[in-house]
Amino acid sequence: MRAGGAVSGYLSAAPLALLFTVAYLVPVVILVIISLSASTSGFNFTLVHYVAALTNGFNLGILFDTLVLGLQVSFATMLAAYPIGLLFMRCGPRGRAIIVFLILLPMLTNTVVRTFAWMIILGREGVINISLMSIGWIEEPLRMLYTRTGLIVALVQIFLPLMALPINASLARINDNLVKAAEGLGASRFYVFRTVILPLSLPGAIAGFLLTFAGSSTAFVSQTLVGGGRQIFMPLLIYQQAIGVQKWNAAAALSIVFAISILVIVFAMNRYSRKYLRGMDA
Amino acid sequence: MQIDRRTMLGILAGSAMAGAFPAMAQSKEVFIATYPGSVDEGFKAVVGPQIRQKFGATSAFSPMLNTDLIGRIQASRNNPPFDVAIWDNGPIITAKQDGLLEKFLESGSPNYADMPANLRDPDGFGPAMALTSIGIAYNPKKIKTPPTSWNDLWNPEYKGRVGIVGPASTLGTTFLIEVAKLRGGSETNVEPGFAALKELVANVGAIPPNPGALTTALSQGQVDIAPNFFNNVAALKARGADIAFAVPSSGLPLQTVTAAAIKNSRNPELAQKVVDLLIDPVVQAQLEAAPWIMMPANPKVALTGFNRDVGATVGDVLKRGIFLDWTKFIASRPSWVERFNREIRV
Amino acid sequence: MTVARGHQLTVSRVSHAYAGVPALTEISLDIPPGSLTALLGPSGCGKTTLLRVIAGFIRQTAGSILVDGVSIDDMAAAERSIGIVFQNYALFPHMSVTRNVGYGLRARGKPTAVVAERTAEMLRLVQMEKFGNRLPGELSGGQQQRIALARALAVEPKIVLLDEPFSALDKSLRLDMQIEVKALLQRTGVTSILVTHDQEEALSMADQVVVLNQGRIEQLGSPADLYDRPRTLFVNQFLGHANLLRATLRSRDGGSVGLELDTGAACAVPSDKEHAPGSAVYLSVRPENLRLTDADGGLFTATVRQVLPLGSMDVIEAETATGTVLKFTQPHQRGGIRNTAGELIHMAIRDPAACTIYSAGTQSTSADH
């Protein structure tokens with residue numbers, strides 16, 4: 001009976017496994033094959049594209065900068081998500097439903113549309129500049145669009161739901177009496193947050209962090225439209241190689257290097273955080 | 001995937017036709033790759049009905065980037081997903097080198113005789129069916145003196161208001177070469193062009209990632225003057241935006257959009273006929289009109305509306321036009337892209 | 001042995017309402033230094049609200065809380081120096097036992113050495129010194145309880161609040177822990193408040209018991225006081241078992257009244273309060289105040305319904321001729337149970353002075369003795 005149950009369990013997962021294989025694994029394998037081929041006509045094994053990708057200091061700089069961008073966005077998003085989470089924690093069921101609705105609301109709009117909205121907000125003649133100039137705070141328009149700060153702000157807004165939802169979920173699981181116990185022992189609000197709320201909500205924060213990191217470091221549309229053509233991150237570099245100058249094999253190799261870098265960081269953070277959670281009090 | 005889709009479309013179309021008109025069940029279909037946006041819309045509205053009327057065939061149009069198109073044909077060379085495609089100057093060189101295209105049967109084309117020599121593919125793969133011109137786009141509300149030369153972008157008055165794009169796009173490559181030529185360089189020597197771009201940095205307010213984003217930056221006032229495609233400017237102007245197009249005194253850089261049949265097409269004869277149809281004056285005239293505003297390649301077609309901003313006639317446009325020889329620099333382009341990424345900082 | 005270093009807690013006319021619904025009404029009580037006071041009552045009686053008000057987690061609508069005569073109303077929970085032991089202990093699950101116990105000291109910025117020394121001392125006090133490196137999840141319920149207490153006491157609070165501290169424990173463990181906790185609290189001499197719905201727990205542990213009902217104090221006094229002289233029918237029924245016999249008051253003679261039970265029997269009970277002759281009353285008799293007798297000495301008869309042998313005592317449930325169900329206890333005798341179901345027995349009251357009578361009108365009417 002147990003074996004039968006296991007078999008039917010595997011069988012019920014089969015459609016998803018098939019979809020995963022066809023829609024994800026096969027394209028990745030094809031990408032790897034392309035990256036190992038000298039040219040697009042026929043397969044001639046070569047490592048030259050990987051050598052080029054890994055020895056080109058400029059490209060490595062872009063790779064590093066892209067990962068740094070992902071980390072910056074993830075930390076900033078976490079900073080933005082925690083106040084929401086603390087409010088969520090204090091709310092009753094109705095308040096919580098409203099907060100979740102407000103978090104999810106922007107997701108009803110396509111990311112591309114939200115990115116365009118940010119272009120309109122941050123632009124030289126955008127909402128912020130026009131407002132600040134009309135109240136006389138600034139005379140020259142501020143440069144926000146096509147800057148790193150502008151890009152980070154937009155990415156934080158775009159990825160906030162992915163961070164806020166898991167953080168809210170793990171904050172809601174914290175027994176309110178733990179907070180009361182800490183306060184009763186004389187801990188200040190901040191001390192309670194640092195020693196009780198933050199560590200106990202870390203699993204959610206780490207989940208959100210990894211989602212945001214993977215999402216924001218690969219957010220081609222937002223990076224290019226809000227970040228502009230001068231801030232070159234890996235997605236734009238790959239796009240230029242593939243679409244701009246038709247160097248498919250080089251683009252594939254860069255894609256694989258980029259994907260592995262992200263996986264390594266995600267994996268390392270996951271391991272480190274688990275270790276940290278286990279040994280938090282040691 | 002594409003084969004499946006094609007087969008599926010064939011089955012669906014076939015069975016539908018078989019039900020409606022049993023005698024026409026063997027009707028042919030032609031698959032055409034177009035460009036995203038107004039080009040695809042225009043082809044669907046103008047070319048599709050003509051194909052049905054003239055050849056009794058059905059047609060399907062798929063908008064995509066040329067690079068994507070090359071990948072799809074390469075993935076299924078013996079049974080390509082398309083019969084006809086239109087090509088930019090850069091990608092068509094790759095397509096020719098990879099042997100993806102079928103030679104054009106000039107003898108079977110009644111309209112080919114209309115085409116000037118420089119609008120015929122030098123290797124005999126087909127005629128240009130449209131022209132894309134590049135000039136200076138600017139906001140006439142902010143820039144009171146209409147620019148006349150690429151050199152005007154270096155005017156200190158325009159500090160922080162100039163937009164450019166890198167050579168990963170046709171627009172950026174053309175701009176780089178034109179600037180290089182003004183400073184004593186050439187298609188193969190863009191060194192003076194890079195030197196000039198470094199000087200231009202002081203004026204540059206934005207380097208958007210692609211020509212589309214540059215157009216958006218112009219329409220949103222992020223920048224007020226920038227090199228751009230005439231088509232982009234015309235589309236914005238048609239929607240009432242404050243934008244104008246100036247032809248540089250050094251000449252109007254022109255690209256050709258070449259129509260070519262794909263090798264191993266299942267309907268090679270029909271494919272050749274469709275290429276001829278694309279340069280037919282009637283079809284060209286319909287595509288020239290609003291809202292498509294395509295710059296026609298056939299000199300028989302009269303220019304109207306916004307297209308007259310570029311020239312009075314097609315012949316006039318061709319006279320002012322400059323064609324770049326992409327075969328000379330296509331190999332150097334990747335290094336230009338990297339150099340631009342590395343050296344042009346704002 | 002007790003060093004009374006405890007502090008006086010005064011609750012002065014405290015009222016609280018949640019969104020207009022009153023939860024506490026005019027509560028006033030004094031908790032002497034070093035004493036253990038139990039807040040006892042059914043769920044919803046307001047005892048948890050009162051605990052939260054004292055702890056500073058909610059601000060009362062009216063009235064004042066004073067420690068040693070000084071109001072603490074404007075102090076945040078963290079400033080009140082009130083230790084709390086929660087129902088499920090609320091130990092920090094991600095911290096070791098040692099870190100849990102030292103938490104309050106670290107929160108107050110005490111030097112590491114002081115924290116370590118004090119933590120070790122507290123772990124010794126609750127006999128948990130070998131468990132310092134464990135996580136709370138690796139401890140039994142009783143062990144967690146000790147750590148929760150050690151954590152609360154480590155910061156030397158003026159008052160300790162215990163919120164249903166034993167309800168999560170097995171019954172067998174509960175009594176041991178009650179004895180242990182009471183001893184610990186006595187040894188430290190800290191003023192403590194125990195919130196519970198368990199009357200046995202309140203009676204066995206507290207120096208003073210406050211019975212709350214519907215947001216008001218029903219009665220306040222020593223455990224013996226409350227058990228022996230319950231002022232209201234509510235207290236009488238809530239503390240221990242009460243057999244209520246319906247009766248009519250027939251006569252009053254100085255300090256005692258003459259009653260006619262609904263079974264027809266007559267008896268005299270000491271009472272100093274007014275009940276109009278002819279009024280309907282309840283005569284409340286504790287189970288241990290009823291005894292079996294022979295036919296001659298019996299006040300009334302009853303039919304045995306069930307006998308529950310509980311070791312040293314037998315609990316007998318019987319029904320009078322008028323349908324009142326009674327419970328009483330008999331010392332167990334060797335050789336089995338004396339009474340069997342269906343048997344007709346004769347019953348008498350051991351000590352009429354230990355009975356109370358209540359007006360049969362409303363439940364909360366004051367009692368007479």
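1. Chains B and C do not touch, and their nearest C-alpha atoms are 48 Å apart. As it is a predicted model, local features need pLDDT of at least 70 and side-chain atom pairs count only at pLDDT 80 or more, while totals for chains, interfaces and linings use all residues; side-chain values use heavy atoms, with hydrogens and water left out. Residues are numbered from 1 along each chain as its sequence is written, and chains are lettered from A and ligands numbered from 1 in the order in which they are written.

2. The contact between chains B and A takes 36 residues from chain B and 29 residues from chain A. The two chains bury about 2,800 Å² between them, 54% of it on carbon and sulfur atoms; buried area is the accessible area (1.4 Å probe) that two parts lose on being put together, summed over both.

3. Two salt bridges are counted between chain B and chain A, a salt bridge being a side-chain nitrogen of Lys or Arg within 4 Å of a carboxyl oxygen of Asp or Glu. B:Asp224 forms a salt bridge with A:Arg124, with the closest N and O atoms 3.7 Å apart.

4. On the side of chain B that touches chain A, the elements giving two or more residues are α3, α4 (89–97), β7 (204–206), α7 (211–219) and α13 (333–343) of chain B. Of these, α13(B) gives the most, with seven residues. Helices (H or I, at least four residues) and strands (E, at least two) are DSSP runs, numbered from the N terminus.

5. The contact between chains A and C takes 18 residues from chain A and 23 residues from chain C. The area buried there is about 1,800 Å², of which carbon and sulfur atoms give 66%. Zero salt bridges are counted between these chains, along with four residue pairs in polar contact, both at pLDDT 80 or more. On the side of chain A that touches chain C, α8 (176–184) and α9 of chain A give two or more residues, and α8(A) gives the most, with seven.

6. The largest nonpolar core has 129 residues; such a core is a set of buried Ala, Val, Leu, Ile, Met, Phe, Trp, Tyr and Cys residues joined through side-chain atoms within 4.5 Å. A:Val196 and C:Leu161 are among its residues with the most contacts inside it. Helix α9(A) gives the most to this core, with twelve residues.

7. A:Ser201 lies in α9 (residues 189–217) of chain A. A:Ser201 counts as buried because its relative accessibility is 0%, buried meaning under 20% relative accessible area, exposed over 50% and partly exposed in between (1.4 Å probe, protein chains only). Its side chain makes a polar contact of 2.5 Å with the side chain of A:Tyr82.

8. B:Gln74 is placed in helix α3 (residues 66–75) of chain B. At 14% relative accessibility, B:Gln74 counts as buried, and a polar contact of 2.5 Å joins its side chain to that of B:Asp98.

Conventions. Polar contact = N/O pair within 3.5 Å; in protein donor to acceptor, adjacent residues only side chain to side chain. Contact = heavy atoms within 4.5 Å.
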